[in-house]
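Reader: Could you take me on a close look at one part of this model? I'd enjoy a connected walk through the charged pairs and what surrounds them.

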Amino acid sequence: MTTDRPTVLFVCVSNGGKSQMAEALLRAHVGDAAAIHSAGTAPKGKINAESAASVARAGASMEAATSKAINRDLLRTADRVIVLGRDAQVEPVEGMKATIERWDTDEPSVRGIEGDERMDLIRDDIRNRVEALADELGLGRRP
């Protein structure tokens with residue numbers, strides 16, 4: 001990392017669910033110790049209400065979230081670029097300092113699990129990964 005405050009970019013297709021969940025959960029975990037962003041490869045312009053409710057049940061918030069597209073400048077400056085799920089495809093841009101990582105997140109619907117239980121399982125998978133990322137980056141839990 002080139003700064004004391006790393007920049008993390010989470011990406012999914014719509015930027016309405018998984019990447020927003022990761023952003024909110026990491027922010028709840030580390031506060032402003034990192035610059036945390038999310039984006040979509042094909043943003044829908046709205047936040048998934050079930051994702052937001054699940055994150056709220058875990059004590060985080062997506063209340064101020066907005067669905068937005070990937071910013072090429074942010075791709076260049078991010079210390080970590082993490083794609084959530086299998087569907088989003090992110091191509092590197094010239095000048096990127098991060099490699100593109102993929103988190104193959106849990107998808108309980110393939111096991112017939114739906115509703116709140118499905119979203120909470122996805123959230124918990126993402127939260128575990130986010131907390132491990134915070135440890136890897138040397139970021140402690142915020143007080």
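**Salt bridges and their surroundings**

Author: Happy to. In this predicted model, Arg-57, Asp-116, Asp-120, Arg-123, Asp-124 and Arg-127 are linked in a network of salt bridges. Within that group, the side chains of Arg-123 and Asp-124 meet at 2.9 Å, N to O. Arg-123 counts as buried, at 8% relative accessibility, while Asp-124 is partly exposed at 24%.

The structure holds 15 salt bridges. Another of them joins Lys-97 and Asp-79, with 3.3 Å from N to O. Lys-97 belongs to the loop between β3 and β4 and Asp-79 to the loop between α3 (72–77) and β3, so this pair ties together parts that are 18 residues apart in sequence. Lys-97 is partly exposed, with a relative accessible area of 43%, and Asp-79 is buried at 11%.

Asp-104 and Arg-86 also form a salt bridge, at 2.8 Å from N to O. Here Asp-104 sits in the loop between β4 and α4 and Arg-86 in the loop between β3 and β4, 18 residues apart. Asp-104 is partly exposed, with a relative accessible area of 40%, whereas Arg-86 is exposed at 59%.

Strand β3 is worth a look too. Five of its five residues are buried: Arg-80, Ile-82 and Leu-84 on one side, Val-81 and Val-83 on the other. β3 pairs with β1 in the parallel sense over four bridges, and Val-8 stands opposite Arg-80. Four bridges also join β3 to β4 (residues 100–103), again parallel, with Glu-101 in β4 as the bridge partner of Ile-82.

Now to the nonpolar side. The largest nonpolar core has 24 residues, of which Phe-10, Leu-26, Ile-126, Val-130 and Leu-133 touch the most other members. At least two residues of this core come from each of β1, α1, β3 and α4. Apart from this core lies another, of 13 residues, among them Ala-39, Val-81, Ala-88 and Val-90. Beyond its neighbours within four places in sequence, Ile-126 is in contact with Lys-18, Met-21, Ala-22, Leu-25, Leu-84, Trp-103 and Thr-105.

That brings us to helix α1 (residues 18–30), whose 13 residues reach 18 Å from first C-alpha to last. Eleven of the 13 are buried, so α1 is largely enclosed by the rest of the structure. Its cover includes β1 (7–12), β2 (35–40), α2 (49–57), β3 (80–84) and α4 (115–136). Just after α1, Gly-31 takes a positive phi of about 65 degrees.

Methods:
Residues numbered from 1 in each chain as written. Predicted model: local features only at pLDDT ≥ 70, side-chain atom pairs only at ≥ 80, totals over all residues. Heavy atoms only, no water. Expected span 1.5 Å × (residues − 1). Buried < 20%, exposed > 50% of the residue type's maximum accessible area, 1.4 Å probe, protein only. Contact = heavy atoms within 4.5 Å. Pairing = 2+ DSSP bridges. Core = buried A, V, L, I, M, F, W, Y, C linked by side-chain atoms within 4.5 Å. Salt bridge = Lys/Arg side-chain N within 4 Å of Asp/Glu carboxyl O.
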